[in-house]
Amino acid sequence: MTPPYDASNPSSQTERRGAFRLLFLCLMATGIGNNMLFAILPPLARGLAVPEYWVGAIYTVSAVLFMTMTPIWGALSDRRGRKPFIVFGLSAFACSTLIFAGAAWAGESGWVPPLAAIFAMALARSLFGSLGSATNPAAQAYVADRTSPAERTEALAGLTAAFGMGAVIGPTLAATLVELVGVPIFMVIISATVALGAVAVWYKLPEQSPPKQQNRPINPFKQFAFAADPRIAPFVGYGGVTWIVQSLSLSTLAFFIMDSLGLDERDGLQMSAIALAAGAGALIVAQLVVIPALKASARVLMSLGALITVAGFGLMIIAPNYAGIVTAYILISFAFGLSRSGFVGGASIAVEPEEQGRVAGLTTATAGLGFIIGPVGGLFMYNQLGHVVPYYVAVVLSLIALVIAWYHPGIRRAVEVVEVEPDV
């Protein structure tokens, strides 16, 4: 059981608010950079005349490295502190985005063959997956270090909402600025913004708390073995399923819109960007408005999220027009906001203070697992079995997640930890 929150934590309330805001802005910038790809890559791939599965391969290569490395970065942050790895991850993200911009420019200009440009983009995303992945678990653990169990789910929801905010801004900026300056220049702007965030964290983020665990092993196999710990296993399992469903919807949405409505690459970028932004807006509402208002437990948030996801994909299957597709995606994204906050907060509550980096690494790694399976599997089903087949699979997976959330005894135990936590 997690012990009571230590009110003697050396960060003052003023410092804590300022630190959380700074982390929010930095994660929002990385969210812009990540989510713009879901609007940019499908039309870019069509423009370069490469098959859709190459887009899935770019997502997957990055996701494999992301899943492998985030538990290691989380464990290292337990040993050496949070701030160094937040800065390191932001810097790597900025570099990877700059390389991606160069690859896009070379491909569009005809300097390299289309497949060579795609391979260079995959290399850039590999840099993000392996090194840029340090930011999220370290930032999550930073917030967990400074919040009590009773307030942690809401606090982590606020932090992860930054990525959702970036998901609103990213596709919208992509649809607007790509027309004005092109894909490469737009990505250079994103790279510079994230680099500035790394500088701000280095000089402005307070890091008074000492490392929690000096001798934690960083062997990736030992870190992944921690996922089988009964305290966190149901949260990690639920998170993996949830991220598979989310990545499946993200990677197929632009293609589904273009094919359902008969759009070309240019119009596909515009319409998919609007849909992605609307969905990201729903995610933000879930995390910044609904969760603080509900004051619900992790179990309730996870169950509601899974149930609404089933409804969203059901609507996607029968959607008669663009409005129906967007409405379905709004429901799916809103549900993901509830689900993600629930399993991240629940896993954090279930472990000891000295394990926060380690568990943050594992819950973050579920995103990598999702993007290994979701894009390739979803796009394969989309092309080979039918455009709505991925969404039937998503309904089944979401029902599995609902059963885990409501009936697993480990999730019930995490709820009990908060219920017996004294007020601070």
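**Salt bridges, cavities and surface features of the predicted model**

In the predicted model, a salt bridge joins the side chains of R82 and D145, with a separation of 2.8 Å from N to O; a salt bridge is a side-chain nitrogen of Lys or Arg within 4 Å of a carboxyl oxygen of Asp or Glu. This pair links distant parts of the chain, since R82 lies in the loop between α2 (52-80) and α3 (83-109) and D145 lies in helix α5 (residues 135-145), 63 residues apart. Helices (H or I, at least four residues) and strands (E, at least two) are DSSP runs, numbered from the N terminus. The model is predicted, local features need pLDDT of at least 70, side-chain atom pairs count only at pLDDT 80 or more, and totals for chains, interfaces and linings use all residues. Residues are numbered from 1 along each chain as its sequence is written, and side-chain values use heavy atoms, with hydrogens and water left out.

R82 also forms a salt bridge with the side chain of D78, at 2.8 Å from N to O. D145 in turn meets the side chain of R146 in a salt bridge of 3.9 Å, N to O. Both R146 and D145 are buried. R82 counts as buried because its relative accessible area is 2%, and D78 is buried with a value of 0%. Here buried means under 20% relative accessible area, exposed over 50%, and partly exposed in between (1.4 Å probe, protein chains only). Across the whole structure, the search finds 6 salt bridges.

The structure holds 7 cavities of 30 Å³ or more. On a 1 Å grid over the protein atoms alone, a cavity is a set of points where a 1.4 Å probe fits but cannot get out, and lining residues have an atom within 4 Å of a point. Grid points are joined across faces, edges and corners, and a volume is the space filled by probe spheres set on the points. The second largest cavity has a volume of about 90 Å³. Its lining comprises 14 residues, of which T242, V245, T309, S339 and S398 lie nearest the centre. Two or more lining residues come from each of α9 (233-261), α11 (298-318), α12 (322-350) and α14 (389-407). The greatest contribution to this lining is that of α9, with 5 residues. By residue class, the lining of the second largest cavity divides into 8 nonpolar, 6 polar and no charged residues. In this classification Ala, Val, Leu, Ile, Met, Phe, Trp, Tyr, Cys and Pro count as nonpolar, Asp, Glu, Lys and Arg as charged, and the others, Gly among them, as polar.

On the surface, L294, V300, L304, V403, W406 and Y407 form a nonpolar patch with about 540 Å² of accessible area together. Patches are made of residues with over 30% relative accessible area and no salt bridge, with like charges joined within 9 Å and nonpolar side chains (Val, Leu, Ile, Met, Phe, Trp, Tyr) within 5 Å. Accessible areas come from the Shrake-Rupley method with a 1.4 Å probe, and for residues only the protein chains shown count as cover. Helices α11 and α14 each supply at least two residues of the nonpolar patch, and the largest share, 3 residues, comes from α14. W406 is located in helix α14 and counts as partly exposed because its relative accessibility is 37%. K295 lies in the loop between α10 (265-294) and α11. Phi of K295 is near 55 degrees, a positive value in a residue other than glycine. K295 is exposed, with a relative accessible area of 60%.

G132, in the loop between α4 (114-130) and α5, is buried with a relative accessible area of 4%. G132 and A92 are 40 residues apart in sequence, and their C-alpha atoms are 4.8 Å apart in space. Y322 belongs to helix α12 and counts as buried at 17% relative accessibility. The C-alpha atoms of Y322 and S260, 62 residues apart along the chain, are separated by 8.4 Å. G378, in helix α13 (residues 356-384), is buried with a relative accessible area of 0%. A distance of 9.4 Å separates the C-alpha atoms of G378 and A394, which are 16 residues apart along the chain.

Technical notes: 1 Å grid on protein atoms, 1.4 Å probe; cavity = no way out; pocket = protein on both sides within 12 Å on 5 of 7 lines; lining within 4 Å.
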